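Thanks for making the time this morning. I would like to walk through one model with you, going from single loop residues to the sheet, then to the core and the ligand.

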Amino acid sequence: MSYSSWFQAHGEKHKAIIDRLSHLNDDELIEYFRFDNMVQKEPYFCPLYKDNKKCHDNNELNCYLCACSNFRFNEEGFEKKGEQTLYSKCDINSKDGSQYKSQSAIHQNCAGCFVPHSEQYIKKYFSRNWFKIMKNVMP
Ligand code: SF4
């Protein structure tokens, strides 16, 4: 699956949950997206849930803003760096981000970064419309 098709499909799954939970207020909705609750109630939201596995080893993990509004992805590549093409990057240059590099490609590696998963951050940029929060991720 390409990143763009994953992005679209994930946003639609997010929207289906939000539409179903319209009776919850914003704080309740954010709490609903806590990892432990999502594993139980929304087993198809993330492929890691079936193994009760976290993408980030942190007790505060909240899945509301997966994939991250600061991620930038371009299927054509942003630029060439010698033989390599830069396909993704972090818009805020998070100190906890890094890069995967192959002979031909460079991708952003978010494995060490917790920025979009804290509830403080989610509340700051909150919208019930996931696509609106993620509007700058892809061109
Ligand atoms: S490094 Fe962190 S802030 Fe940057 S795109 Fe990845 S998850 Fe988002």
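Let me begin with a question: is N52 buried or exposed? Before I answer, please keep in mind that this is a predicted model, in which local features need pLDDT of at least 70 and side-chain atom pairs count only at pLDDT 80 or more, while totals for chains, interfaces and linings use all residues. Residues are numbered from 1 along each chain as its sequence is written.

N52 is exposed, because 10 other C-beta atoms lie within 10 Å. The convention here is that a residue is buried if 20 or more other C-beta atoms lie within 10 Å of its own, exposed if 12 or fewer, and partly exposed in between, with C-beta atoms placed from the backbone. N52 sits in the loop between α3 and β1 (71–73), and its phi is near 50°, a positive value in a residue other than glycine. When I speak of helices (H or I, at least four residues) and strands (E, at least two), I mean DSSP runs, numbered from the N terminus.

N93 belongs to the loop between β4 (88–90) and β5, and it counts as exposed because it has 8 C-beta neighbours inside 10 Å.

Another exposed position is D19, which is placed in helix α1 (residues 3–20) and which counts as exposed because it has 9 C-beta neighbours inside 10 Å. From D19 to I30, 11 residues along the chain, the C-alpha atoms are separated by 14 Å.

Let me turn to the sheet. It is an open sheet of 4 strands in the order β2-β3-β6-β5, with mixed pairing, where two strands pair if DSSP finds at least two bridges between them. The edge strands, each pairing on one side only, are β2 (79–81) and β5 (98–101). On average, and with direction ignored, neighbouring strands of this sheet are turned by 35° against each other; the axes behind that value are lines fitted to C-alpha atoms, for helices over the stretch in contact, and angles run from 0 to 180 degrees between N-to-C directions.

Going across in order, β2 pairs with strand β3 (residues 84–86) in the antiparallel sense over 3 bridges, and K80 has T85 in β3 as its bridge partner. Strand β3 then runs parallel to strand β6 (residues 105–109), with 2 bridges joining them, and here L86 is bridged to I106 of β6.

Which residues touch the most other members of the largest nonpolar core? That core has 15 residues, and the answer is C63 and F71; by a nonpolar core I mean a set of buried Ala, Val, Leu, Ile, Met, Phe, Trp, Tyr and Cys residues joined through C-beta atoms within 7 Å. The elements that give two or more residues to this core are α3 (35–41) and α5 (130–133). Leaving aside neighbours within four places in sequence, C63 is in contact (C-beta atoms, placed from the backbone, within 7 Å) with F33, F35, M38, F45 and C46.

Y32, in helix α2 (residues 26–32), is 31 residues from C63 in sequence and 9.2 Å from it in space, C-alpha to C-alpha. Y32 counts as partly exposed because it has 18 C-beta neighbours inside 10 Å, and, not counting residues up to four places away in sequence, Y32 touches L21, L24 and N37.

Finally, the ligand. The residues surrounding it, taken as those with a C-beta atom, placed from the backbone, within 6 Å of it, are C68, N70, F71, C90, I92, S94, G97, Q108, C110, C113, V115 and P116. This shell divides into 8 nonpolar, 4 polar and no charged residues, where Ala, Val, Leu, Ile, Met, Phe, Trp, Tyr, Cys and Pro count as nonpolar, Asp, Glu, Lys and Arg as charged, and the others, Gly among them, as polar.

Notes: Two residues are in contact if their C-beta atoms, placed from the backbone, lie within 7 Å.
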